[in-house]
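This briefing is intended to be read alongside the sequence and coordinates.

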Amino acid sequence: MSSSPQTRSGFVTFVGRPNVGKSTLTNALVGEKVAITSDKPQTTRRAIRGIVNRPAGQLVIVDTPGIHKPRTLLGQRLNDLVEQVLGDVDAIGFLVPATEKVGPGDRRIAASLDGYPRAKKVAIVTKTDIASRDEITERLMEVDSLREDWDAVIPLSAVAGEQLDVLADELLTLMPTGPALYEEGIVTDESLEDRIAEIIREAALEGVRDELPHSIAVTIDDISRRDEGELTDIYANLVVERDSQKAIIIGHKGSRLAAVGARARAQIEPLIGTKVFLKLHVRVAKEWQRDPKQLGRLGF
């Protein structure tokens with residue numbers, strides 16, 4: 001990619017209450033799945049970088065966990081991560097769903113952006129595909145009045161793919177000039193192991209009751225391709241906090257765990273390009289979210 005003088009590139013992050021669609025928007029802009037999505041809040045745990053290449057330059061999207069009031073050490077570490085990321089980006093996109101009135105949580109987050117004077121700020125009204133025209137208009141007005149310094153206010157639908165180009169081009173105009181930060185064709189700087197672990201965690205979260213989401217971590221013991229190269233063996237651990245959670249994940253006669261494996265495998269195979277033999281082991285690490293040693297071991 002030859003860098004003409006007007007090429008722009010830089011870092012963007014999306015903020016908003018949990019579950020406003022940050023990961024869905026990241027994946028839609030990147031054009032493939034780099035962030036896991038789930039209808040459970042607090043699904044995202046790492047600062048995943050998704051890379052969007054456009055003729056005018058490159059956007060590097062840093063996906064933060066939703067900002068929330070921390071209840072555990074893990075929660076506190078996630079909040080610290082958000083703070084760190086927000087201090088380093090060129091633009092912050094503030095997300096509000098078109099289908100819900102702007103509330104105190106939105107106001108608090110919008111106000112907190114004062115702490116990041118160097119970042120340009122864009123308000124984004126999401127989920128326009130499931131909102132009425134009146135709702136969208138009302139939301140745009142509410143959001144617009146939250147701050148004086150929005151560089152743009154953009155309604156869009158990540159699911160329907162509406163206005164994504166408008167957002168990408170608008171964000172690019174706010175980036176510093178400079179060459180691309182990543183070579184073309186790269187969509188994330190996350191390691192393969194991390195992506196596989198996240199896919200497994202997402203598969204495990206699907207359809208479980210509320211007591212589980214925060215309590216699942218995934219570690220990968222081994223990824224190895226067999227000699228013929230047609231098959232890859234992956235050995236992974238699902239780590240939970242209590243025996244009762246272990247029972248939920250395994251399910252009646254292992255049925256739940258088998259379903260998790262099948263779901264994860266369906267997404268891992270296209271990612272690595274071979275058939276996969278996936279061996280999942282569920283283990284209990286008592287109260288790992290509150291224990292600094294265990295958090296460190298699990299990568300937080």
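A residue is called buried when its relative accessible area is under 20%, exposed when it is over 50%, and partly exposed in between. H281 has a relative accessible area of 45% and is therefore partly exposed. The model is a predicted one, and every value below is computed from it.

**Overall chain**

- The secondary structure consists of 9 helices and 9 strands.
- The chain has 300 residues, of which 49% count as buried.
- Of the contacts between residues at least 6 apart in sequence, 71% join residues at least 24 apart.

**Surroundings of H281**

- H281 is located in strand β9, which covers residues 275-284.
- When neighbours within four places in sequence are left aside, H281 is in contact with A236, N237 and L238.
- Strand β8 comprises residues 231-240, and β9 comprises residues 275-284.
- T219 lies 62 residues from H281 along the chain, and the C-alpha atoms of the two residues are separated by 9.9 Å.

- Strands β7 and β8 run antiparallel and are joined by 8 bridges.
- Within this pairing, R225 stands opposite T232 in β8.
- The two strands form a hairpin with 5 residues between them.
- In the turn, G229 has a positive phi of about 80°.
- In a regular strand, side chains alternate between the two faces of the sheet.

**Salt bridges: R17 and D106**

- The count of salt bridges comes to 15.
- One of them is formed by R17 and D106, with the closest N and O atoms 2.8 Å apart.
- R17 lies in the loop between β1 (8-15) and α1 (22-30), whereas D106 lies in helix α3 (residues 104-112), so the pair ties together parts that are 89 residues apart in sequence.
- R17 counts as partly exposed at 22% relative accessibility, while D106 counts as buried at 1%.

**Salt bridges: R147 and D114**

- R147 forms a salt bridge with D114, and the closest N and O atoms are 2.7 Å apart.
- Because R147 is in the loop between α4 (133-144) and β6 (152-155) and D114 is in the loop between α3 and β5 (120-126), the pair ties together parts 33 residues apart in sequence.
- R147 is buried, with a relative accessible area of 11%, whereas D114 is exposed, with a relative accessible area of 54%.

**Salt bridges: E206 and R263**

- The closest N and O atoms in the salt bridge between E206 and R263 are 3.6 Å apart.
- E206 belongs to the loop between α6 (192-205) and β7 (217-225) and R263 to helix α8 (residues 255-272), so this pair ties together parts that are 57 residues apart in sequence.
- E206 counts as partly exposed at 47% relative accessibility, and R263 counts as partly exposed at 28%.

**Salt-bridge network**

- K101, E138, R139 and E142 are linked in a network of salt bridges.

Terms used: Residues are numbered from 1 along each chain as its sequence is written. This is a predicted model: local features need pLDDT of at least 70, side-chain atom pairs count only at pLDDT 80 or more; totals for chains, interfaces and linings use all residues. Side-chain values use heavy atoms; hydrogens and water are left out. Helices (H or I, at least four residues) and strands (E, at least two) are DSSP runs, numbered from the N terminus. Buried means under 20% relative accessible area, exposed over 50%, partly exposed in between (1.4 Å probe, protein chains only). Contact means heavy atoms within 4.5 Å. A salt bridge is a side-chain nitrogen of Lys or Arg within 4 Å of a carboxyl oxygen of Asp or Glu. Two strands pair if DSSP finds at least two bridges between them.
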